[in-house]
Amino acid sequence: ARMNSPTPKPATVLRLALGLAVLLVMEGCSRARPGDSMIAAANPSNVHRLCNLYNYYQARNGWKGPASEVAFREFIGQQPERILARMGVKGDDLDGLFTSERDGQPFEIRFGVAGNSRGSDEPVVFERTGLNGLRMVGFTSSKHREVDAGEYDRLRGKQP
């Protein structure tokens, strides 16, 4: 009997393609390097940048997220300055990277979250205050969305 494998959903394929593009850029792949505008489009805010860097950390470390903010900052600091600059990250201002542009407060980050090579969609970056009663949450899939207090608490309470 022939086994049929499930066809991946278009959103999953898009996430994987975006993730692969980010990984190729971060690895410095010269033959497939996207332009600066593509990288900037994938990293328009700190929540995006942190999610992409978190996912990259997972990919480089057996699909396990950083154990602590210290480990995450150390990893980011080890990346080539040219790569960070293309993402809009200032290597000498990691405090700025770890701060929400919307509410001016440091993000809360879930550490030690597992991912996988097929892509994961775990909430990992959280605004503390947000705007107008809504807080931004960033996911390992590079998605982000504004959520109300109830959904925020549910997402924030997930265990790694």
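Modeller: Gladly! In H4, Phe 72, Phe 75 and Ile 76 are buried, meaning under 20% relative accessible area with a 1.4 Å probe and protein chains only. This is a predicted model, where local features need pLDDT of at least 70, side-chain atom pairs count only at pLDDT 80 or more, and totals for chains, interfaces and linings use all residues. Residues are numbered from 1 along each chain as its sequence is written, and side-chain values use heavy atoms, with hydrogens and water left out.

Colleague: How do you know that the buried residues of H4 line one face of the helix?

Modeller: Looking down the axis of H4, they fall within an arc of 100 degrees, so they line one face. The arc is that of the directions from the helix axis to the C-beta atoms. On the face turned away sit Val 70, Glu 74 and Gly 77, which are exposed, that is, over 50%.

Colleague: What makes the 20 residues a nonpolar core?

Modeller: A nonpolar core is a set of buried Ala, Val, Leu, Ile, Met, Phe, Trp, Tyr and Cys residues joined through side-chain atoms within 4.5 Å. The largest such core has 20 residues, and Leu 50, Phe 72 and Ile 76 are among those with the most contacts inside it. H3 gives the most to this core, with five residues.

How values were computed. Helix = DSSP H or I, 4+ residues; strand = E, 2+ residues; numbered from the N terminus.
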